Amino acid sequence: MKDLKHEKTLAAKEAVKYLSDGQIVGLGSGSSAYIAIAEIGELVKNGLNIKGVPTSEKTRELAESLNIPLLKIEDVDSIDITIDGADEFTEDLQLIKGGGSFLLKEKVVASLSKAEIIITDSTKKVGLLGKFTVPIEVVPYAQNYVLAQIQKLNGIGRIRLVEGKPLVTEQGNMLIDGDFGLIEDPRELARQLIRIVGVVEHGLFIDIATTVIMGVDDGFEIYN
Ligand code: 5RP
C-alpha cells in the first residue's frame, strides 16, 4: 500500500530546495503544504532568511508557531515562490484546488507568485480533471442562483456542509462543490464559472502552476 504521507514529504523536501535567502514565500494550505511549512520552519531555524505569506488562518498559526516571519497578502505586490498542494493535477499543470476551502486566498497568493510549486502524493495526477468536484466560493445569498447556473452548465452543485451546516469560508462566503463529470475543457469551464454573478472564485487553477512535484514511492516526479 502507498504511504501517501511519505510521498508528500518527499515532494515537500524537494520543493523547499527552491527557496533562497531574501525571498517572499507563499505558504499553502492542506496536509502537503503543512509538511512543507514544517520543513521551512527548520530552514528558518537554521538561518534561512525568508518572509512567508500565509493562504489561511491555519497556515498563519502554524507558521507563527515555527517562528517563520510573515507578511499579509495585502502588504505584498509580488511573491517569489509559493509552495502549495492540489486536489488534482494534469501533466499540463492544470489543477483543481480548494478541497480545504481556502481556494480564494490560495489563488490570490498564487497569482502574485512568480513561481507556483505544487506538491502532491501520487494519487493526485489525472488524465482529465473532474473526478474531484470543483469547489466554487459563492456569496451566500446567491446560492440558489449559482446552483441553477451550474445546472445549466450540465453540472450538479452541492453546498459543502460541516457538521450539517453550510461551511463558512474565511471570507464569510459558502462553498458549492460542482460535479461536472470529467472536464474536457477546464479553461472554458473556468471562464463560464467566473462569469456567474455571485461566484467569487473557483478552484480551477488554469495556467497558474509552474511546477508540480509529485512524490512517488521512494522518489518524486517533476512536471513543468
Ligand atoms: C486547500 C487545498 C489543498 O492544497 C488541497 O486540498 C490538497 O490538500 P492535501 O495536501 O491535504 O492533499 O487546495 O484549499
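Three strands make up an open sheet, ordered β4-β5-β13 and paired antiparallel. Strands here are DSSP runs of E of at least two residues, helices are runs of H or I of at least four, and both are numbered from the N terminus; two strands pair if DSSP finds at least two bridges between them. At the edges sit β4 (88-89) and β13 (204-205), each pairing on one side only. Strand β5 (residues 95-96) meets β13 over two antiparallel bridges, and Leu95 stands opposite Phe205 in β13.

A word on the ground rules: this is a predicted model, so local features need pLDDT of at least 70 and side-chain atom pairs count only at pLDDT 80 or more, while totals for chains, interfaces and linings use all residues. Residues are numbered from 1 along each chain as its sequence is written.

Taken as a whole, the chain has six helices and 15 strands. A compact globule of 224 residues would have a radius of gyration near 17 Å, and the chain agrees, with 17 Å; the value is taken over C-alpha atoms, and the globule rule is 2.2 Å times the number of residues to the power 0.38. Along its principal axes, the C-alpha trace spans about 55 × 35 × 35 Å. Buried residues account for 44% of the 224. Buried means that 20 or more other C-beta atoms lie within 10 Å of a residue's own, exposed means 12 or fewer, and partly exposed falls in between, with C-beta atoms placed from the backbone. As for contacts (C-beta atoms, placed from the backbone, within 7 Å), 76% of those between residues at least 6 apart in sequence join residues at least 24 apart.

Next, the strands around β14 (211-216). β14 pairs with β6 (113-120) in the parallel sense over four bridges, and the bridge partner of Ile117 in β14 is Thr211. On to β15 (219-223): five bridges join β14 to β15, and these two run antiparallel. Their hairpin has two residues between the strands, and Asp217 takes a positive phi near 45° there. Ile213 has Ile222 as its bridge partner in β15. Ile222 counts as exposed because it has 12 C-beta neighbours inside 10 Å. Neighbours within four places in sequence aside, Ile222 is in contact with Thr211 and Ile213. The C-alpha atoms of Ile222 and Glu91 are separated by 9.8 Å, although the two residues are 131 apart along the chain.

Helix α1 (residues 4-15) has twelve residues and should span 16 Å at 1.5 Å a residue, which agrees with end C-alpha atoms 16 Å apart; the expected span is 1.5 Å times one less than the number of residues. Its buried residues are Glu7, Lys8, Leu10, Ala11, Ala12, Glu14 and Ala15, and they pack against α2, β3 (79-84), β6, β14 and β15.

Around the ligand there are 18 residues, the closest being Gly30, Ser32, Gly85, Gly99 and Gly100; to be near, a residue needs its C-beta atom, placed from the backbone, within 6 Å. By type, the shell divides into four nonpolar, ten polar and four charged residues. Helix α4 is mostly covered, with seven of its ten residues buried, including Leu103, Leu104 and Val109.

Note on methods. Nonpolar A, V, L, I, M, F, W, Y, C, P; charged D, E, K, R; others polar. Contact = placed C-beta atoms within 7 Å.
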